[in-house]
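Biologist: I would like to learn how to read single residues in a model like this one. Could we take them one at a time?

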Amino acid sequence: MRRLKHVLPLLALALNIAFPALSQTPPPRPPLRVMMCELVDESGTGWVPEFLMFTRPSTGANAGRIEVFDPILKDLVHRPIRAVVTADDGRSRTYGWALARVRNHSGQYADRLDFRLTVGKSDGSASMAVSAQGYQNVMQGHGHCASPQE
């Protein structure tokens, strides 16, 4: 047993020399993960944003919190808001967020707008559905999302 105590440090040193990649620490995660999406508003209502951005800090007090920002939020709320993952499987991930008591430029009013963005994991394809509480129609858009880090 005593001999093993002396051999272990030498064995670790030999492994580090023989396999330097094993002793290196992995690169640090970026402090902020970003995903940007471009969409086409197929509904023509203006409620499907042409561009949106998701951010997720990997460190700090808000680590893991997903926020979304787009031109609609810029006009109505003036800041990013929280988004959540509503579905996640091997093929896609769906993000959701909502706005309350909104009025568009034409004066149409909704008590609540629910936004759902589904992003394909293999190719970044994106589809968005926006539903207004109290209305039957669902506004839709399609496009593409990508992360600048990838």
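Modeller: Start with serine 147, which is buried, at a relative accessible area of 16%. The model is a predicted one, and buried means under 20% relative accessible area, so serine 147 falls in that class.

Biologist: Where is serine 147 found?

Modeller: Serine 147 sits in the segment that follows β8 (138-146).

Biologist: Which residues is serine 147 in contact with, leaving aside its neighbours within four places in sequence?

Modeller: Those residues are Val34 and Met35.

Biologist: Now aspartate 88: is it buried, partly exposed or exposed?

Modeller: Partly exposed, because its relative accessibility is 45%, and that class lies between 20% and 50%. Aspartate 88 belongs to strand β4, residues 81-88.

Biologist: Which side chains have a polar contact with aspartate 88?

Modeller: The side chain of arginine 93 does, at 3.2 Å, and so does the side chain of lysine 121, at 2.6 Å. For distance in sequence against distance in space, take aspartate 88 and valine 119: they are 31 residues apart in the chain, with their C-alpha atoms 9.7 Å apart.

Biologist: What is the mean pLDDT of the chain?

Modeller: The mean is 83, and 78% of the residues reach 70 or more. Over residues 1-8, however, the pLDDT is below 50, and that stretch has zero contacts in the model beyond near neighbours in sequence.

Note on methods
Residues are numbered from 1 along each chain as its sequence is written. This is a predicted model: local features need pLDDT of at least 70, side-chain atom pairs count only at pLDDT 80 or more; totals for chains, interfaces and linings use all residues. Side-chain values use heavy atoms; hydrogens and water are left out. Helices (H or I, at least four residues) and strands (E, at least two) are DSSP runs, numbered from the N terminus. Buried means under 20% relative accessible area, exposed over 50%, partly exposed in between (1.4 Å probe, protein chains only). Contact means heavy atoms within 4.5 Å. pLDDT is the predictor's confidence in each residue, from 0 to 100. A polar contact is a pair of N or O atoms within 3.5 Å; within protein, one must be able to donate a hydrogen and the other to accept it, and residues adjacent in sequence count only if both atoms are side-chain atoms.
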